[in-house]
Amino acid sequence: RLANGSTTCSGRVELLHGGTWGTLCDYLWDVPTANSLCQHLDCGVALLIPDGQSFGKGNGSVWNGTFSCEKKGSHLGNCPVSVLDHDKCPAGKDARVVCSGSRLVNGTTCSGRVEIRHGHIWGRLCRSHWNLQAANILCNQLNCGYAKSIQTGDLFVDGNGPVWRDAFHCEGTESCLWDCPQVTLGNPSCSAREAATVICSGNPGAAESLRLSGGESRCDGRVEISLYGVWSRVLDDDWDIKDAHVVCRELQCGFAEKAYYLPRSERGLGLVGLRSVQCAGNETQLMLCKTSHSQTVPTGVAEDVGVICSGELLCKKYRIRIRLVNGTKRCAGRVELYHNGIWGTICDDNWDLLDANVACKQLGCGHAIEAFASAHYGEGSGQIWLDDVNCTGSESDLWTCSSRAWGQHNCQHKEDAGVLCS
């Protein structure tokens, strides 16, 4: 449960253990785990992990375990649990979270009126400045697939509350709505019945909504997509490695080794789900790319597409963890990565704000204020995992940035990198 919050979806995290409610230790408490708790409580997604003494102190009983929820959409009860040493969980170090609450109102779990919270007040968005790209990001963020429609007529619009003057300009590659550039409009003429709405596809799960068939493993073959419960073909006359990378990423199959067209004898016979797919290459799902939905095959486009991925053993995302060590607050410290069962550091060669920004964003710590070199937060020990890290800033994980291979470096721990996040 969440205790002592201003809403049912915010507060101090407490667990019933051995017949007694106790607080959860905040050691390794992070945004992915908080997300799982928010979803577990039907409270949307995690907006914030507050610092300090927000939501007061518990009753003194501290549960010295930690959840490791690394995969998006994990149910808290299915996350691995580790028992912590008592010295890592002193009194007052309680886990806390502010969840979004329900963000789609007056419809189903994955459809309804779009509402945003400013302070403690929920308000709607203006329909005239709401578009399909922003809706796609929101559906994905809420674990609701992709946006099927924002043209819902008068559905979902009844209700009270203010109309905010916010407009989101999403590119389609963002992981949540807050990552999109946001503009406050001057004075939109927007009535309560002109509120932004969306119907999301629902959440069949990545492994069910996209698949590769006819290959030697689940990570190669003809690309098929499930739309409206029916497996359908993907056709394209300009299929390339960027499109294939997105497919491999969504299926957790590593990276794309080959994008190809199928010979006529191996083409599918069913409905056409997608055609003319144009990906930038860094999208998290194929449905977030520019696409054309059509059940008919246009003249000149009859190419079923295929992908060969490197394989799931090379998809390291869910086996790697990140933390900040030796700082005065949760969002400052020496950057350490957990890889192959070992915590290690990052060399400060080429370490800059772009790299630090990715680390801060990944940790749910806002943006980077400063990137530190020369073991500013003290020298680590053991393995130095990464060297010459060179992020563009758009990556979702630090280890997907360009760098030397894991464990290859020319550094000492006096060069350990650190970061101060906002």
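The structure is a predicted model in which local features need a pLDDT of at least 70 and side-chain atom pairs count only at pLDDT 80 or more, while totals for chains, interfaces and linings use all residues. Residues are numbered from 1 along each chain as its sequence is written, and side-chain values use heavy atoms, with hydrogens and water left out.

Confidence is expressed as pLDDT (the predictor's confidence in each residue, from 0 to 100). The protein has a mean pLDDT of 80, and 84% of its residues reach 70 or more. Among the helices (DSSP runs of H or I, at least four residues) and strands (runs of E, at least two), numbered from the N terminus, the highest confidence is found in strand β28 (residues 418-421), at a mean of 96. The lowest is in helix α3 (residues 206-209), at 48. The pLDDT is below 50 over residues 204-208, a stretch with five contacts (heavy atoms within 4.5 Å) beyond near neighbours in sequence. Residues 312-319 also stay under 50, and for them the model has 21 contacts beyond four places in sequence. Where pLDDT is low, the predicted coordinates should not be read in detail.

Cys 139 lies in helix α2 (residues 132-141) and Cys 200 in strand β15 (residues 197-200), so the pair ties together parts that are 61 residues apart in sequence. The torsion about the S-S bond is about -80°, and the disulfide is therefore left-handed. Cys 139 is buried (under 20% relative accessible area, with exposed being over 50% and partly exposed in between; 1.4 Å probe, protein chains only), at a relative accessible area of 0%. Cys 200 also counts as buried, at 6% relative accessibility.

A disulfide is likewise formed by Cys 347 and Cys 411, whose sulfur atoms are 2.0 Å apart. Cys 347 is placed in the loop between β25 (342-346) and α5 (353-362), and Cys 411 in the loop between β27 (384-386) and β28, so this link ties together parts 64 residues apart in sequence. The link is left-handed, with -85° about the S-S bond, and both Cys 347 and Cys 411 are buried.

Cys 391 and Cys 401 form a further disulfide, their sulfur atoms being 2.1 Å apart. Cys 391 and Cys 401 are 10 residues apart, each in the loop between β27 and β28. The S-S torsion of this pair is about 100°, so the disulfide is right-handed. Cys 391 and Cys 401 are both buried.

Conventions:
A disulfide is a pair of cysteine sulfur atoms within 2.5 Å.
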